[in-house]
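This report goes through one protein model for a reader who has not seen it before. The sequence and structure come first, and the description follows.

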Amino acid sequence: MTTKTRPLPRTGGKVLVDQLLIHGADSGYCVPGESYLEVLDALYDQREHFTLYNARHEAGAANMAEAYGKLTGRPGICLVTRGPGACHAAIGVHIAQQDSTPMILLIGQVDRGSMDREAFQEIDYRVMFGGMAKWVAQIEDARRIPEYMARAFRVATSGRPGPVVLALPEDMLTDIVEVEDAPPYLPSRPGVAVDEIEKIAALVSHAERPLMLVGGSGWTDEPCEQIRTFAETNGIPVACSFRRQDILDNASNCYVGDFGTAVVPSLIKRLAEADLVLVVGARLGEMTTRTYTTLASPTPSQTLIHVHIDPDEIGRVFSPALGVVSAPDKLAAALATHDWGQRSRWSEWCKTLRDEYLADTLPPPHDYPLDMGAAMHALRDSLPKECIVTLDAGNHTGWAQRFLAYQRPGRIIGSTCGAMGYSVPAAVAASLREPDKCVLAFVGDGGFMMSGVEIATAVQHGGRPIVLLFNNGTYGTIRMHQEREHPNRVSGTDLVNPDFGQLAAGLGAHFERVIDTAAFKPALERAMASGRPAVIELVTDPERISTRTTVTALRSAKARS
């Protein structure tokens, strides 16, 4: 008979850190606070096993953790203090929820004896985050930390991934307890049954103009390759949902574009012409469906097959002919070996969509000194295959989404909820996580001023992201909508920017300023060779308000209406 060893006494802070290590966490992002000093102290003893990156703002720390979750498929860990710290970090939780990203936010909380008195920086986080996270709880008893942490990791990664928030009363973290550790967590991910594959095959095989739409989270390199194999074997055109362009290799003859803000206009037309749409992993949210207009609700005119990991997402807006609850990687593995013998019948349809996509990636001619279409096209051919691109919110991201190509192991990391200030922290996290890879951040002047200071975090910890800073002196997306609805009435969108060169130098970054197309590629090469974080300021004309229109064109269209 084996004698069970009695657990050693530990502080709640040490118990929590031990659980992080047991569940495979290797790093976390924080702004330190006195409310979780015991956690910080316990992490000191685990410096060889757990790297703590101290960001310059809690929103930056939360965005870094969210980007880590996207890159690895494991929960990104963020630690912040109570009150203002938690409020600042809320944007990262919102992104993780809408982007289906595994993430755990740990918040220092007021001591238990001071609760419900509006103590200093007190907030009830179960109320604050209740509609934003998958699960929110407060650990009142240090002996239950292993239980709560095991559940947090499982909830964040099981089913549709998402954020978990745990509040940690500071006196709970100092309690000395004897408690057993939990075993490493295992996520629950549903798979697809054989008869469901047969039902999918029966519907798809009868289609004349099928279209596959892939998206969502939970994809790794192997299922991405499997879905490519299936699509190419069967000759099915494949589009991606908003900012998920790295799921299918864009060099594949079956890749036909993405349903995002830079969508090929002809792809909207082809979706209407399709007689069957096979959706794998995508939520069919507002951005992907152009405010729920590209498919009829509740019953689309196309035969709709919706495969999603969350049963509540199937039929939420669009009622499918067939709904299948499955993780996307499980579905990809099940489809990879299937040849439904229809390739010749679908080849012309697929080629039409592919040709239209390729035509749209050719930069349109214009006479601006800095032709971003031409610059991106040159970049498209020279980027390393493993390059990671992070995107902010704004019209400037259209250049990267329309003119660059993505393939694994490279990644495109962007917030699908449209959060400004995301791409620089995300690029910092990506560069720290993958130090040998090229990491490019696309950000506008407005977004850079929200989080560009996180370059200092990269400098401190050895990251080397390259930030492409689009400076047109305006909040471009809002200006576009403003000119469309209220032309010539510019209000609240003009920006007076600082000297970005001095700002970048002060943060410790290499700096380049580009005002014409020919200077772009040499500037990028110098930035890559600098061996440190870099900022490349791209001076663009606000008249060219997006990749597809100008301010003048918007005003003229409004005048004619």
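According to an unreviewed UniProt entry, residues 11–125 carry the annotation "domain: Thiamine pyrophosphate enzyme N-terminal TPP-binding". The model described here is predicted. The table gives the computed make-up of the two annotated stretches.

| Stretch | Helix | Strand | Distance between end C-alpha atoms |
|---|---|---|---|
| Residues 11–125 | 44% helix | 18% strand | 23 Å |
| Residues 392–537 | 41% helix | 17% strand | 15 Å |

**Two packed helices**

Two packed helices are described by the angle between their axes and the distance between the axes. For helix α1 (residues 12–22) and helix α6 (residues 145–157), the angle is about 35° and the axes are 9 Å apart. The crossing of α1 past α6 is right-handed. On the α1 side, the contact is made by Gly 12, Val 15, Leu 16, Gln 19 and Leu 20. On the α6 side, Ile 145, Pro 146, Met 149 and Phe 153 take part.

**The sheet from β9 to β14**

Six strands make up an open sheet with parallel pairing, in the order β11-β10-β9-β12-β13-β14. Strands β11 and β14 (322–325) are at the edges with a single partner strand each, so one side of each has no neighbour in the sheet.

The loop between β12 (276–280) and β13 (303–308) holds Thr 294. Thr 294 counts as buried because its relative accessibility is 15%, and the cut-off for buried is under 20%. Beyond its neighbours within four places in sequence, Thr 294 is in contact with Ile 268, Leu 271, Thr 288, Thr 289 and Gln 302.

**Nonpolar cores**

The largest nonpolar core has 53 residues, and Ile 200 and Val 214 touch the most other members. With neighbours within four places in sequence left aside, the contacts of Val 214 include Trp 219, Ile 227, Val 238 and Ala 239. Cys 240, Ser 241, Ile 247, Val 280 and Ala 282 are also in contact with Val 214. A second, separate core consists of 52 residues, among them Ala 67, Cys 78, Ile 388 and Leu 432.

**The sheet from β15 to β20**

Another open sheet of six strands is ordered β16-β15-β17-β18-β20-β19, and its pairing is parallel. Its edge strands are β16 (411–414) and β19 (510–514), each of which pairs on one side only. The average twist from one strand to the next is 20°.

Strand β15 (residues 388–391) runs parallel to strand β17 (residues 439–444), and four bridges join them. Ile 388 has Val 439 of β17 as its bridge partner.

Helix α20 (residues 520–529) packs on the sheet, where it touches β17, β18 (466–471), β19 and β20 (534–539). Between the directions of α20 and β19 the angle is about 175°.

**Met 376**

Met 376 is part of helix α13 (residues 372–382). Is this residue, Met 376, buried or exposed? Met 376 counts as buried because its relative accessibility is 0%. The C-alpha atoms of Met 376 and Leu 404 are 6.4 Å apart in space, although the two residues are 28 residues apart in sequence. Neighbours within four places in sequence aside, Met 376 is in contact with Trp 399, Phe 403, Leu 404, Phe 442 and Phe 520.

Definitions and conventions:
Residues numbered from 1 in each chain as written. Predicted model: local features only at pLDDT ≥ 70, side-chain atom pairs only at ≥ 80, totals over all residues. Heavy atoms only, no water. UniProt positions renumbered as here; feature names shortened; annotations may be inferred. Helix = DSSP H or I, 4+ residues; strand = E, 2+ residues; numbered from the N terminus. Core = buried A, V, L, I, M, F, W, Y, C linked by side-chain atoms within 4.5 Å. Buried < 20%, exposed > 50% of the residue type's maximum accessible area, 1.4 Å probe, protein only. Contact = heavy atoms within 4.5 Å. Pairing = 2+ DSSP bridges. Axes fitted to C-alpha atoms, helices over the stretch in contact; angles between N-to-C directions. Left-handed = near helix turned anticlockwise from the far one by under 90°.
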